[in-house]
Amino acid sequence: MIGFWDVIGRSESGPLLREEKFDLQVGRVARQMVEKYGIRYDPQQVVPADDDLADRVYQAGLDLFLELGIYCRDTGRLMKFTRDEVEWALKHAPTTVTYGQGRDVAVMTYRAIEDPKPPFCLMTPVGTPVAEERFVPMVQSYVQEPLAQTFSSAFSQTVHGRPIKSGTPQEVEAAIWNVIKLREAARAAGRPQIGIHNLISNAERTDATLAAIQADFGVQPNDGLCIAATAELKIDYERVKKVVALRHSGHNKYALYGPLMGGYAGGPEATAIVLVAYHFLGVLALEGQWHCCFPLHIHHLCNTTRELLWICSIAPQALSRNTHLLVTINTFAAAGPCTEMVVYEIVANALAATVSGADLDLVAVARNRHPERASGMEARIGAEAGHLAARQGVTREQANELVKEVLAQYEAQMDDAPIGKRFDECYDLETLQPTQEYLHLYERCKEKLSGFGLDYSLL
Amino acid sequence: MNMNLFEQMVEATVEGDEERCVALAQQALDQGVDPFQAIQEGYSRGMLIVGDKFARLEYYLPGVMLSANAMNAAVQVLKPHLLQRHDRGSRGTIVLGTIQGDIHDLGKNIVKIMLQAAGFTVHDLGYDVPVRQFVEKAEELEADIIAASAMLATTAAYMPDIATILSELGLRDKYLIMLGGTPVTAEWATVEAGADGYGENAVEAVQVAKRLMQEKSRGGEK
C-alpha cells in the first residue's frame, strides 16, 4: 500500500536533480523505451488495431515512469516509486465518478476499446477569453447541449470591468464571480444541477480557488477542479495544495496532462509513452479520479494532426487494456468556429478517441488562443461523432479508414487553419442558437461524413 | 581549406557532436581562421539547418538541445579570441522569462534554445518573473530585447506592464519587446500590450527576433 502522504513525503526525501537534467532524461529514457519495446508510428494506421502494440506502449510507459519518477519543482527532488506501489495505486483508483444532482446526475465509468457505451461528454470552451457580458451566454451554449454531462468555463477578460491578474486581490474576486456565473449559466439553460467539472479557470493561485469553492456561491458537493501536472512529468506544491484541500472537502478532482509532441519527450511514439506515464503521476500525486489528456503538436498547438490522432488513439488503448482508469481526450483543434475544417478536425479526434476507450472533453478550438472563438456547437459536433462511433459499433479498423478520409479534408490546411467566427457571429445572442450559416455548414459536412460511413440517422 | 573546415563544423553541429565541434574550433584557431567567420560560416549555419529540421519535426527538442550544446561548447573555445576583437559574434542580447505568477516554462525554454541556436545571447530569468526584474536585468545587461511568455490569461495580464513601466521610466525606446504564449495573440501583443513583436511558436519567435534586430540596426526607433 502507498498512501497520499507517503507519495508527497518523497518530494522532500528523494534524490536531488537539476531540472534541466530531468528534462533531458525524459527524452533519453523515452527513446530507450521506444527501442526496447519496438514501438513504431505508422501514418497509415492513425487508429491502430494492434493490441500488442497497445500493451507495449503501456509497458513502456510504466517502465519509463519507474525509471524517471516524478520531478517536484519546489524541492528539486525526484519522487521514485516501485512497480508494486504503482500497481497498488492503479488497482485502488476510482472506477466511477459522479457529477451533478437530481435529474442532472451523470456517472463516468470505465470504457473499453470499441465499447458500445457512448463516451462521457464533458463540454467546455476550455477557458477561451470572452468579454464579460458574453461569458454567461457563451458558457450556456455548452450547458444547453443535450449531450453535455458536465461543463466548465470560458475566461472572462474582465470581472466587474477590471482585468484579472494572478496573485492579486482581484483574482480572488474573479474566482468567486466565476463559480457564481457558471451556476447562473446552468440555471439559464434549464439544467440547474448539472455538474461543473472544473469550477475555476480564471485563478491559478490556491487561495483564490479555495475562496470560491463554497456552497453559498452555487457550488455543489460533487462539482470539481482540474489539477494540472507540469510538462513533462512534474508537479509543484501550488497545485498539490488543491489536492489536499479537495481530499477534505470531498469535491471531485481530475488530473490534466499536456505532453508536447516534438518537445522534451520527442516524437509520436515517445510522446504516447510519456502520456501513459503521466497517468501514474496523476493517480499517485494528484489523486485524479479521472484523467484528461491534451497532447499537443509543438508547432500546430492542436491534437488533430495525423501523429497526434495516433497518440490520442494508442495511449487510451494502452490504458484501457491494462487499467480501469477513466481516460478522457481533450480535443484541441487548429481551426475556429463555423469553418468546415473545425468540423472535420473535431470529428477525426472524437472518432479516434472514442473507439480507443476514451471519453470526450469537448473542445478547444482556434488553437485555444483567440478571444471569442468558441461555441457550444463545436462541442455538439464532437459529442455527436463520439456517440455515433459507439452506437454504430465502429471498430478500430473502420475508424482508421474513416479518420483517414476525414483527415484528407483538412490535413493540408494545418499551417493556415482559419480562426473562424466570433461567438456573437456564429450564434444568435437572442435565441442562443447557432446561426443558419453554421447549421448549414454542419449539415454539408455531415453529408460528406455520411458518405464516409457515419450514420447520423442514429442520433 | 577553410570551406572544408566550415562544412565539417556544419556537419558536426547538425549531428550534435560536441567533441567534434570543440576539436574543429581548436583546429580553426590553430590554422588562424577568423573565429567570427568560423561561427558564422560553420556552427551558425549548422544551427540554421537544425532549426529547419525542428520546424519540420525531423528533429525534436532533445536533438536541438544536443546541437545547441555542441555549438556552445565550440563557441566557448573561440570566445576568448572573439573578445580580443571586441566582437562577440552575437545577433543581440535578449532578457527572457515567464511572466509573474506563471510557472509554465516549457514554451519559454524551447524559445530560449532556438534563440540561442540562432546566435542570440539569451539571459533566462526563469519563471514567475516580476515585470520590474525584466527591466532591471535589461538595464544591467544593456539588452536589446525583453521577451516574455505566459501560459495563462491571468498572468498574461501582467504583460502590458512591461511597456508601461518602461515608458514610465523613460526607457521605452531603448528596448524591443517580444511576447508569446498560449493566451497571447499577435493583435493583443502589439495593440493591447504595446509589444514590438509576437511569436506564435519558437520558430516564429526566432524570425521575429531577427527581424526586430535588423530593423534596429537599420536605424529604427528602438
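**View 1. Chain B as a whole.** In chain B, 72% of the contacts with a separation of 6 or more join residues 24 or more positions apart (a contact means C-beta atoms, placed from the backbone, within 7 Å). This is a predicted model, where local features need pLDDT of at least 70, side-chain atom pairs count only at pLDDT 80 or more, and totals for chains, interfaces and linings use all residues. Residues are numbered from 1 along each chain as its sequence is written, with chains lettered from A and ligands numbered from 1 in the order in which they are written. Chain B has 10 helices and five strands (DSSP runs, H or I of at least four residues and E of at least two, numbered from the N terminus). Of its 222 residues, 53% are buried (20 or more other C-beta atoms within 10 Å of the residue's own, again placed from the backbone).

**View 2. Helix 6 of chain B and its neighbours.** Helix 6 spans residues 131–141, and its buried residues are B:V131, B:F134, B:V135 and B:A138. They sit within an arc of 95° seen down the helix axis, so they line one face (the arc is that of the directions from the axis to the C-beta atoms). These buried residues pack against strand 1 (93–98), strand 3 (145–149) and helix 8 (160–168) of chain B.

**View 3. The end of helix 6.** Just past helix 6 of chain B comes B:E142, with a positive phi of about 50°.

**View 4. Where chains A and B touch.** Chain A puts 27 residues into the contact and chain B 22 residues.

Methods: A residue is buried if 20 or more other C-beta atoms lie within 10 Å of its own, exposed if 12 or fewer, and partly exposed in between; C-beta atoms are placed from the backbone. Two residues are in contact if their C-beta atoms, placed from the backbone, lie within 7 Å.
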